[in-house]
Amino acid sequence: MHTSSPGVPDPRVHVADAAALARMLVREAATVCAHALATRGAWTIAVPGGSVLELLVPALAEAALPWDRAHLVQCDERVVPAGDPRSNWSALRALPAFAHLAGAMLHRMPVELGEDAPVVYEETLTRVAGRPPVLDIVLLGIGEDGHVASLFPGHAVARATSASVVMEHDAPKTPPQRLSLTLPVLTGASLTVLAAFGTSKRDAVRRTLDPQGDVPAAAVFRGARRALLLIDPAAAPNSAG
């Protein structure tokens with residue numbers, strides 16, 4: 001059963017196990033897709049890496065969604081060689097559920113282009129989502145420090161608003177160089193979903209929900225056109241332990 005946590009009364013926040021949250025996400029995605037198809041004949045979705053890719057994206061991939069009319073883009077990518085296991089794209093392709101996405105139009109971040117990559121990927125976003133790009137669904141994981149995509153607390157690129165795609169050169173995690181969608185793209189979607197799992201994310205979730213929270217996840221949650229926060233019981237701020 002999906003429910004808002006007693007300690008987190010915000011109706012945008014849902015606490016349940018990963019399987020139940022995945023079912024909820026599929027229902028929300030189906031509604032957004034239906035509207036997009038009725039108005040434009042196609043839909044767009046941005047996906048992350050990490051635990052959200054592993055726990056939620058397979059349910060979307062296997063759902064009866066119109067993947068043959070989908071544009072799938074990346075929220076962020078690490079600048080690593082093709083096939084590197086640290087690559088979010090490699091992780092996506094390694095999912096057994098990836099086969100269900102065969103009909104989708106897949107748009108990998110071209111990290112091999114170096115400093116030209118942000119401009120090239122921004123052109124891709126403009127082609128599939130307009131100028132400025134407005135995606136239908138953005139799916140994000142919340143890092144332990146409150147980062148989303150590759151927008152890290154205190155870093156200048158986390159505050160970038162004049163571009164849709166930026167290069168982070170000094171990420172606090174390896175590898176330090178990453179490509180990322182910017183805050184306006186993440187918040188401008190029809191539906192922005194943030195998700196967190198496990199006790200290690202509890203403080204980040206608390207900071208995300210704090211009206212004065214200064215981490216990127218908080219900026220996305222406050223600024224999104226429509227935001228949902230999906231967390232498991234271990235990540236809920238009011239959890240014991």
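Me: In what order do the strands of the sheet with 7 strands stand?

Reply: The model is predicted: local features need pLDDT of at least 70 and side-chain atom pairs count only at pLDDT 80 or more, while totals for chains, interfaces and linings use all residues. Residues are numbered from 1 along each chain as its sequence is written, and side-chain values use heavy atoms, leaving out hydrogens and water. Strands (E, at least two residues) and helices (H or I, at least four) are DSSP runs numbered from the N terminus, and two strands pair if DSSP finds at least two bridges between them. The sheet is open with parallel pairing, and its order is β1-β10-β9-β6-β2-β3-β5.

Me: Which are the edge strands of this sheet?

Reply: An edge strand here pairs on one side only. The edge strands are β1 (13-15) and β5 (105-107).

Me: How many residues of β3 are buried?

Reply: Buried means under 20% relative accessible area, exposed over 50% and partly exposed in between, with a 1.4 Å probe and protein chains only. On one side of β3, Ala70, Leu72 and Gln74 are buried, and on the other His71 and Val73 are buried. The strand is mostly covered, and the count is 5 of its 5 residues.

Me: Which residue in β3 is the bridge partner of Val47?

Reply: β2 and β3 run parallel and are joined by 5 bridges. β3 also pairs with β5 in the parallel sense, over 3 bridges, where Leu72 stands opposite Leu106. For Val47, the partner in β3 is Gln74.

Me: What is the angle between the planes of Trp43 and Trp67?

Reply: Rings of Phe, Tyr and Trp (its six-membered ring) pair if their centres lie within 6.5 Å; planes under 30 degrees apart count as stacked, over 60 as edge-to-face and the rest as tilted. The structure holds 1 aromatic pair. Trp43 and Trp67 form this tilted pair, with 4.9 Å from centre to centre and an angle of 50°.

Me: Why does the pair of Trp43 and Trp67 tie together parts that are apart in sequence?

Reply: Both Trp43 and Trp67 are buried. Trp43 belongs to strand β2 (residues 43-47), whereas Trp67 lies in the loop between α3 (57-62) and β3 (70-74), so the parts tied together are 24 residues apart in sequence.

Me: In what order do the strands of the sheet with 3 strands stand?

Reply: The edge strands are β4 (76-78) and β7 (165-168), each pairing on one side only. β4 pairs with β8 (residues 178-181) in the antiparallel sense over 3 bridges, and Ser180 in β8 is the bridge partner of Asp76. The sheet is open with antiparallel pairing, in the order β4-β8-β7.
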